[in-house]
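Dear colleague,

I am handing over the structure below for you to look through.

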Amino acid sequence: MQIYNTMTRRKEELIPLVPGQISMYACGPTVYNFFHIGNARPFIVFDTMRRYLEYRGYQVRFVQNFTDIDDKMIRRANEEETTVKALGERFIKEYYHDADALGVRRASENPRATEHIGEIISLVATLIEKGNAYATPDGDVYFSVRSFPGYGKLSGQNIDDLENGARVDPDEAKRDPLDFALWKAAKPGEPSWDSPWGKGRPGWHIECSAMSMSLLGETFDIHGGGQDLVFPHHENEIAQSEAATGKPFARYWMHNGYINVDNQKMSKSLNNFFTVRDIAKEFDLEAVRMFMLGVQYRNPVNFSREMIQQAQSALERLRTAKERLAEAQVAAAETSEDAAFIAQLEDFKTRFNEAMDDDLNTADALGVLFEFARAANTFVSEPRGSKAIEAGKALFSELTGVLGLLGREKAEEFPAEALAMLEERQAARKAKDFARADQMRDALKDMGYAVEDTVNGPKLKKL
RNA sequence: GGCGCCAUAGCCAAGCGGUAAGGCAGAGGUCUGCAAAACCUUCAUCCCCGGUUCGAUUCCGGGUGGCGCCUCCA
């Protein structure tokens, strides 16, 4: 498989550190609020990456953290008149609620920063020992950027250019404007932990270094996140980690593009964001996943309700094909058409894999799935051999499953009233009382159900 | 100022050297009591100007127009 490595700025063959295994870390949410559609993209992208790697036979260890201590957590907890801990607990729960609905599988591990304070402190201590960090009299610890020669290698920034543009905050006791905080001395009323530098809490960048290395090792395969994390967050992670261990940190860096609104990055600060929770009130979140997968992950994509609507319609087409395959009528004998269909299946699978092998090109892979859907729809328009039907069904489920689509076994429950009306309509049709039949159909429509007449009889469908 | 990305039909989006996948929407048709679903048909020469090449949407240069990072941000 080829993936685009931000570090080298080109596509590279993915060769795992340990054959057959992939270790992968993705930056997770700061749990101070519901997450928005823009935040959701990396969750979906890296979940899809993980699903695909597993499907291709890798044993994947996928770690995604929760940042549960930082300035935003503290501020929000104060606003809500609650504790940082309680706030974190709550929004971790809310994260799972939304992520589940987006078809995002639980990571192998979801470490929390506050549960890895020990590792963080020893990492900071190591950096001080090695001369890459220094403590100030106030009890803050900063990383000395100039002490790490490779600084800027991920983002392609020249350290002196950065220096010119750096914001200088006169309050900070930094030796160099580029230096960043590893440990922040506690202010009154803030959660804090004991450390060799006094009570305090970790900086944001160090927690990811500490958690990823303690769970995946000093060198691991893939590190992912949104493009906005390239600088400074990931650049800083590299500096801290490599300065401390003297070994390469992540081997491949994957960064997803933004979700835009009217061509502008969806973000909290621009106040142009939509939370996943809110969108869930209007749409099935599977449509949101479909919308995201319709674009290769590195490209930006505009979010709008119209786009979700389109994705929903497209998803419906795949769902129908899956259902038709499941309800296909079995013929007594096999024919040459069965064999042709089975041969076609191989082709779809190959092309799907080729698309995904090319830097996770889900948009291209979906194209293959739609061609598959059409072929399947045509194929099952009359009774077919069970072997071909089963093969088609299995492959369709497998491939949509790799994308995390159509996974839910939503056993459709319809109210008895609606089922009774459906029966009455059917009786009216038999009696050629079409006016009555249409009346029933309209009434069902008002209740939110569509009627579809299939070879297996009439079916209800939620609108 | 430094670093970087993007420009393909009404909308979305693959392709990236040999004359444009797929989806949504639209039009016509088949099927249907009528619908729905499904199927068939139809719907683009790829922002502009140069260059390289037998041949460019695809490579190079220059424009124009969008966007991002350099500050918390997925």
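The model is predicted, so local features need pLDDT of at least 70 and side-chain atom pairs count only at pLDDT 80 or more, while totals for chains, interfaces and linings use all residues. Residues are numbered from 1 along each chain as its sequence is written, chains are lettered from A and ligands numbered from 1 in the order in which they are written, and side-chain values use heavy atoms, with hydrogens and water left out.

The chain. Chain A contains 15 helices and 15 strands (DSSP runs numbered from the N terminus: H or I of at least four residues for helices, E of at least two for strands). Its C-alpha trace spans about 90 × 50 × 35 Å along the principal axes. Of the 463 residues in chain A, 51% are buried; buried means under 20% relative accessible area, exposed over 50%, and partly exposed in between, with a 1.4 Å probe and protein chains only. Among contacts (heavy atoms within 4.5 Å) in chain A between residues at least 6 apart in sequence, 76% join residues at least 24 apart.

The RNA. There are 58 residues around RNA strand B, and Trp-204, Gly-226, Leu-229, Asp-438 and Arg-441 come nearest. A residue is counted here if one of its heavy atoms lies within 4 Å of the strand. Sugar and phosphate make up 70% of the atoms of RNA strand B that come within 4 Å of the protein. By class, this surface has 17 nonpolar, 23 polar and 18 charged residues (Ala, Val, Leu, Ile, Met, Phe, Trp, Tyr, Cys and Pro count as nonpolar, Asp, Glu, Lys and Arg as charged, and the others, Gly among them, as polar). An N or O atom in the side chain of Arg-317 is 3.1 Å from a phosphate oxygen of RNA strand B, and for one in the side chain of Arg-9 the distance to a phosphate oxygen is 3.5 Å.

The cavities. A cavity is a set of points, on a 1 Å grid over the protein atoms alone, where a 1.4 Å probe fits but cannot get out; lining residues have an atom within 4 Å of a point. Two cavities of 30 Å³ or more were counted. Helices H1 and H9 (285–293) each give two or more residues to its lining, and H1 has the largest share with three.

Two residues. Is Asp-47 buried or exposed? Asp-47, in helix H1, counts as buried because its relative accessibility is 0%. Leaving out residues up to four places away in sequence, Asp-47 touches Pro-42, Gly-103, Val-104, Arg-105 and Arg-289. Arg-374, in helix H12 (residues 362–379), is exposed, with a relative accessible area of 53%. Its C-alpha atom is separated by 40 Å from that of Leu-229, 145 residues apart along the chain.

Regards

Conventions:
A polar contact is a pair of N or O atoms within 3.5 Å; within protein, one must be able to donate a hydrogen and the other to accept it, and residues adjacent in sequence count only if both atoms are side-chain atoms. On a 1 Å grid over the protein atoms alone, a cavity is a set of points where a 1.4 Å probe fits but cannot get out, and a pocket is an open set with protein on both sides within 12 Å along at least five of seven lines; lining residues have an atom within 4 Å of a point. Grid points are joined across faces, edges and corners, and a volume is the space filled by probe spheres set on the points.
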